[in-house]
Each structure stands twice: as structure tokens, then as C-alpha cells.
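Dear colleague,

Please find below the structure that I am handing over to you. My notes on what was found in it follow directly after.

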Amino acid sequence: MDHRSTAVALVLVTIAVAVLLAAAVGAAAGVLALMDGASRPAALTRAGAAFGGALTVLTGALALVHKTLV
């Protein structure tokens, strides 16, 4: 593997990790909303907002880390 393919593989792995962590945050927010007594549509809305927010923050953090490493 050359340097370019290694860099692409690293980017793909970090994106996959960010999406999985964001999905876990969204799922936890949805479960907590249901435990709090929210309706299913409200819980799904909270889960979606948490997923989007977590993905945005994780992507920004990973971009900063990548910029400092390269």
C-alpha cells in the first residue's frame, strides 16, 4: 500500500467510527426520551437531532485532528 491508499483507508475508517458513535448517541437519546414519557414521534425527533448534532461535532473534531496530523 502506498501513502495515498493508506490515507484513504484511514479517512474511511474515521468516517465509519464517527457515524457509529453518532448512531449510538441518537439511539441513547431516543431511548431516554421514551423513558421520559415522550411520544414516539417526539422521541424520534430527539434522536434525529442528537444524531445530527453528534455527527457534526465528531466530523469537525476529526477534521481538526486530520489537519494537525497532515
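Predicted model: local features only at pLDDT ≥ 70, side-chain atom pairs only at ≥ 80, totals over all residues.

**Surface and overall form**

The protein has an accessible surface of about 5200 Å², and 77% of that surface belongs to carbon and sulfur atoms. Residues are numbered from 1 along each chain as its sequence is written, and side-chain values use heavy atoms, with hydrogens and water left out.

The protein contains 2 helices and 0 strands (DSSP runs numbered from the N terminus: H or I of at least four residues for helices, E of at least two for strands). Its radius of gyration is 16 Å, well over the 11 Å that the globule rule gives for 70 residues, so the protein is more spread out than a compact globule. That radius is taken over C-alpha atoms, and the globule rule is 2.2 Å times the number of residues to the power 0.38. Along the principal axes, the C-alpha atoms fill a box of roughly 55 × 20 × 15 Å. Of the 70 residues, 14% are buried (buried is under 20% relative accessible area, exposed is over 50%, and partly exposed lies in between, with a 1.4 Å probe and protein chains only).

**Helix H1**

Helix H1 has 33 residues and reaches 48 Å from its first C-alpha to its last, close to the 48 Å expected at 1.5 Å a residue; the expected span is 1.5 Å times one less than the number of residues. Its buried residues are Ala18, Ala22, Gly26, Ala29, Gly30 and Ala33. Alanine 9 also belongs to H1 and is partly exposed, at 32% relative accessible area. Between the C-alpha atoms of alanine 9 and valine 19, 10 residues apart along the chain, the separation is 15 Å.

Val11, Ile15, Val19 and Phe51 make a nonpolar surface patch of about 290 Å². Patches consist of residues with over 30% relative accessible area and no salt bridge; like charges are joined within 9 Å, and nonpolar side chains (Val, Leu, Ile, Met, Phe, Trp, Tyr) within 5 Å. Helix H1 (residues 3-35) gives the largest share of the patch, 3 residues. Isoleucine 15 is partly exposed, with a relative accessible area of 47%.

After H1 comes glycine 37, which has a positive phi near 100°. Side chains of opposite charge can pair when their charged atoms come close. The count here is 1 salt bridge (a side-chain nitrogen of Lys or Arg within 4 Å of a carboxyl oxygen of Asp or Glu). It joins arginine 46 and aspartate 36, whose closest N and O atoms are 3.9 Å apart. The pair links distant parts of the chain, 10 residues apart: arginine 46 lies in helix H2 (residues 40-69) and aspartate 36 in the loop between H1 and H2. Arginine 46 is partly exposed at 41% relative accessibility, whereas aspartate 36 is exposed at 59%.

Arginine 40, in helix H2, is exposed at 67% relative accessibility. Its C-alpha atom is separated by 8.6 Å from that of glycine 30, 10 residues away along the chain. Lysine 67 is also in H2 and is exposed, at 66%.

Note on methods: Areas by Shrake-Rupley, 256 points an atom, 1.4 Å probe, with all protein chains shown as cover.
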